[in-house]
Amino acid sequence: LIGVTLALWLIPAVVQYHGGLVLIWHDVIVERMLNTLTRSTRPQRLLGAVQKSATRGDPCSVVNAIDQFCRHTEWAMNVGDEKGCILDSVVSEVNPATVLELGTYCGYSTVRIARLLPPHAKLITLEFNPDFAAIARQVIAWAGMEEKVHLVEGASGEWIPKIKEQFGVKALDLVFLDHWKDQYLPDTKLIEECGLLRKGSVLLADNVIFPGAPQYLEYVRSSQQYESQYFKSHLEYTKVEDGLEKSVFLG
Ligand SMILES: C[S@@+](CC[C@H](N)C(=O)[O-])C[C@H]1O[C@@H](n2cnc3c(N)ncnc32)[C@H](O)[C@@H]1O
């Protein structure tokens, strides 16, 4: 009984203040334990929570179902509800016709962004893990957002150069960077080289403090080509400091 209490309540309550421990506990120990016990994967369990609690065709209920599941049942690496509010306000302010998201995972932020897009806008989201992409497709469909979302299964480095041609895109209004952190800088440079930014395009990068993207931050903050601003928040579903960096391309 003491062991179960520790595992279910005390350990999560303590580790939520320490980024490294959060990842070791939730992303390694708990995930592997639950995978073995339930013979399923975390993305499958997350999809199950959506199917159980969210209303088909209602994107807000999908976002809420995932947040409830991740706060109370099982942590997962979605941008989450707290940073999600910052994401929402940037999407609403930019009111983009074309969005690129790097890193779909289970489609949480995809649905979050897509639900705020104006009619005829499109969101291209890239995910290189086929298992995650398969779950994301079902989450996006449950939310009724398939028409706005192009989910591409592939690596960012390979797909960014194909975006103009494949999707008839002239320029991206908004890029949400939320894939592996060491790819933020090379992919930003690739996006620039491919001529995908126009004056006023906005880059919004998650996790710039934890796990952190120091080279990317240094680049956008010191470059004359960007006006950059930090939005302080917390790592999803924890009390660890993290935040989003919004960088406007000045041309
Ligand atoms: C933090 S998760 C994305 C979370 C998601 N944006 C959300 O908030 O719901 C990062 C995802 O990026 C994917 N990824 C990492 N590097 C990638 C790359 N170079 N190209 C495509 N996907 C990548 C990983 O497989 C993982 O699913």
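Does Leu250 count as buried, exposed or partly exposed, and how many C-beta neighbours does it have inside 10 Å? In this predicted model, Leu250 counts as partly exposed because 13 C-beta neighbours lie inside 10 Å, a number that falls between the 12 or fewer of an exposed residue and the 20 or more of a buried one. Leu250 is located in the segment that follows strand E7 (241-249), and, residues up to four places away in sequence being left aside, it touches Lys199, Gln225, Tyr226 and Glu227. Between Leu250 and Thr38, which are 212 residues apart in sequence, the C-alpha to C-alpha separation is 50 Å.

The sheet is open and is formed by seven strands in the order E3-E2-E1-E4-E5-E7-E6, with mixed pairing. Its edges are strand E3 (149-153) and strand E6 (226-234), each of which pairs on one side only, and the twist from one strand to the next averages 15°. Strand E5 (residues 197-205) pairs with E7 in the antiparallel sense over four bridges, and Val202 stands opposite Val248 in E7. Helix H7 (residues 130-142) lies across E2 and E3 and runs at about 165° to E3, whereas helix H10 (residues 184-193) lies across strand E1 (98-102), strand E4 (172-177) and E5, running at about 165° to E5.

Around the ligand there are 18 residues, of which Val79, Gly103, Tyr108, Ser109 and His179 come nearest. This shell comprises nine nonpolar, seven polar and two charged residues, and at least two of its residues are supplied by each of helix H6 (108-114) and strand E2 (122-127).

Note on methods
Residues numbered from 1 in each chain as written. Predicted model: local features only at pLDDT ≥ 70, side-chain atom pairs only at ≥ 80, totals over all residues. Near = placed C-beta within 6 Å. Nonpolar A, V, L, I, M, F, W, Y, C, P; charged D, E, K, R; others polar. Contact = placed C-beta atoms within 7 Å. Pairing = 2+ DSSP bridges. Axes fitted to C-alpha atoms, helices over the stretch in contact; angles between N-to-C directions.
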